[in-house]
Amino acid sequence: MSDPRFPIGKFSYEGPPTAAQKKQFLDDIEQTPAKMRAAVSGLSDLQLDTPYREGGWTVRQVTHHVPDSHMNAYIRFKLALTEDDPTIKLYMEDRWALLPDSKAPVDDALVLLDLLHKRWLTVLRNMSDADWKRTFRHPDLGPMPLEKSLALYAWHGRHHAAHVTSLREHKGW
């Protein structure tokens, strides 16, 4: 792994996804909870409190970050589906990772992720072609089509699961 910050590479988006790509993105989102659960399975508290890279979050913080981030994504999707180009609120994920709930047992995060993804997928799998073109406005990035957000969060789940699995491989856990 050349850059431990990006074990699967940086996010890239080549434009509107094909039907096959969209199906893969939906499958990736569906598989994220199981991949995160498998990634942290059997780890001790000492291992969970180990940073995945020097200067990075601990495995525990990463595990709590994924549902934090995906809750924001779920709400962004719902806003975009019910309002015209709503401006979203950003959140300071680095500060969220320092809050007491990010030190809680990882099972709390995994249960939340399971339930969140179940609800989110109900929305995602019932969107029309026109729905995928809807946007929300990101304060820094401008209009964000939902089809691009789908690709981003499919990558995001794989990205963070790979942080943990790469650390486990590196440490021989």
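These legends describe close-up views of a predicted model.

**View 1. Length of helix α5.** Helix α5 runs over residues 106-124. At 1.5 Å a residue, its 19 residues should span 27 Å, and the end C-alpha atoms lie 26 Å apart, which agrees.

**View 2. Buried and exposed sides of α5.** The buried residues of α5 are Val106, Ala109, Leu110, Leu113, Leu116, His117, Trp120, Leu121 and Leu124. Down the helix axis, the buried residues of α5 fall within an arc of 135°, so they line one face of the helix. On the face turned away from this buried side are the exposed residues Leu115, Lys118 and Arg119.

**View 3. Elements that cover α5.** The cover over the buried residues of α5 includes α1 (19-40), α2 (45-48) and α3 (59-82). Also included are α6 (129-133) and α7 (146-171).

**View 4. The largest nonpolar core.** This core has 21 residues, of which Ile29, Phe77, Trp120, Leu124, Trp132, Leu146 and Leu150 touch the most other members. At least two residues of the core come from each of α1, α3, α5 and α7. Helix α7 supplies the largest share, five residues.

**View 5. Surroundings of Leu124.** Leu124 is buried in α5 and belongs to the largest nonpolar core. Apart from neighbours within four places in sequence, Leu124 is in contact with Leu26, Ile29, Phe77, Trp132 and Leu150.

How values were computed:
Residues numbered from 1 in each chain as written. Predicted model: local features only at pLDDT ≥ 70, side-chain atom pairs only at ≥ 80, totals over all residues. Heavy atoms only, no water. Helix = DSSP H or I, 4+ residues; strand = E, 2+ residues; numbered from the N terminus. Expected span 1.5 Å × (residues − 1). Buried < 20%, exposed > 50% of the residue type's maximum accessible area, 1.4 Å probe, protein only. Arc of directions from axis to C-beta. Contact = heavy atoms within 4.5 Å. Core = buried A, V, L, I, M, F, W, Y, C linked by side-chain atoms within 4.5 Å.
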